[in-house]
Amino acid sequence: MGSFLSAGMKNPLFTAAAIDFGIQWICWAVASILQTEKFYDLAGSSTFVFLTLLTLRWQRKVNLRQIIQSGCVTVWGLRLGLYLFHRILQDGKDSRFDKVRGNPRVFFIYWTIQGVWIFMTLLPTLILNASAKDEELTWKDYLGWAFWLIGFILEAGADYQKSQFKANPANKGKWIASGLWSISRHPNYLGEMLMWSSLFLPASSVMSGYQYLSAISPMFVAYLLTRVSGIPLLERQGLKKWGHLPAYQDYRRSTAVLIPYIW
């Protein structure tokens, strides 16, 4: 245990990355044997929380900035992980994995990509938790955490509205176009991007030199959600299900893809 703690303190980012991918690959082995994706999202969000708290543990003394930042990540990870786990238990499966859960090689790629997502998204917070600096809190910190709270409320609110909508038998086979979903087709993703972009601000208070390159983290999150696995996938699924319906075409024309009234 002592050598493990020492390794984390000396090379925190490298050690965190090794643990991150180690967790994903172990989970991949179990998931491949069972041919299930039911704990994929739960494993991802749990790794966020674990790495955040672990990097705090590596510090001999933690400061208020690290505690608040880590608290934000932990609250986000617990809420999202439990929400997604509950959802897949209800649905029985995740359609993203229909063609891969029985193919270990392709399944491995999915779990590896999750490892990349975790490390890249969490990078600014890992840098913060690995720093011994204890700078005075400034407007950047408060602004970042304030916008994080807005993003959290937006994501959690959108998820709640959608789960309530789907729980109503009268809405079976329909798309949600009420509440937050009436002004954005993907309000949960907007909240997600806002949260991780905001958390870069407090972390940047202790950064120097090459560490500022971690600004690529929120850009990576935005790219992933808008160009890879988030919005494009759901938009294709929506068109496949309801694209032939005039009402759905009107919804797409009148509702922003992401940012209300803009895009």
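**Aromatic pairs and their setting**

Mentor: A search of the whole structure finds 19 aromatic pairs, where rings of Phe, Tyr and Trp (its six-membered ring) pair if their centres lie within 6.5 Å, and planes under 30 degrees apart count as stacked, over 60 as edge-to-face and the rest as tilted. One of them is edge-to-face and joins F48 to W76, with 4.8 Å from centre to centre and 75° between the planes. This pair links distant parts of the chain, since F48 belongs to helix α3 (residues 40-57) and W76 to helix α4 (residues 64-91), 28 residues apart; helices here are DSSP runs of H or I with at least four residues, strands are runs of E with at least two, and both are numbered from the N terminus. Both F48 and W76 are buried, a term that means under 20% relative accessible area, with exposed over 50% and partly exposed in between (1.4 Å probe, protein chains only).

The rings of Y248 and Y251 have planes at 35° and centres 6.3 Å apart, so this pair is tilted. Y248 and Y251 are 3 residues apart in helix α10 (residues 246-254), which means about one helical turn separates them. Y248 counts as buried because its relative accessibility is 5%, and Y251 likewise counts as buried, at 10%.

The model is a predicted one, in which local features need pLDDT of at least 70 and side-chain atom pairs count only at pLDDT 80 or more, while totals for chains, interfaces and linings use all residues. Residues are numbered from 1 along each chain as its sequence is written, and side-chain values use heavy atoms, with hydrogens and water left out.

Aromatic rings also gather in one cluster made up of F39, Y40, F97, F107, Y110 and W111. Elsewhere, the charged end of R79 sits over the ring of Y83, 5.6 Å from its centre; the criterion is that NZ of Lys or CZ of Arg is within 6 Å of the ring centre and within 35 degrees of the ring normal.

As for the overall fold, the secondary structure of the protein comes to 10 helices and 0 strands. Of its 263 residues, 48% count as buried. Among contacts with a separation of 6 or more, 80% come from residues 24 or more positions apart, contact meaning heavy atoms within 4.5 Å. The C-alpha atoms fill a box of roughly 60 × 45 × 30 Å, taken along the principal axes.
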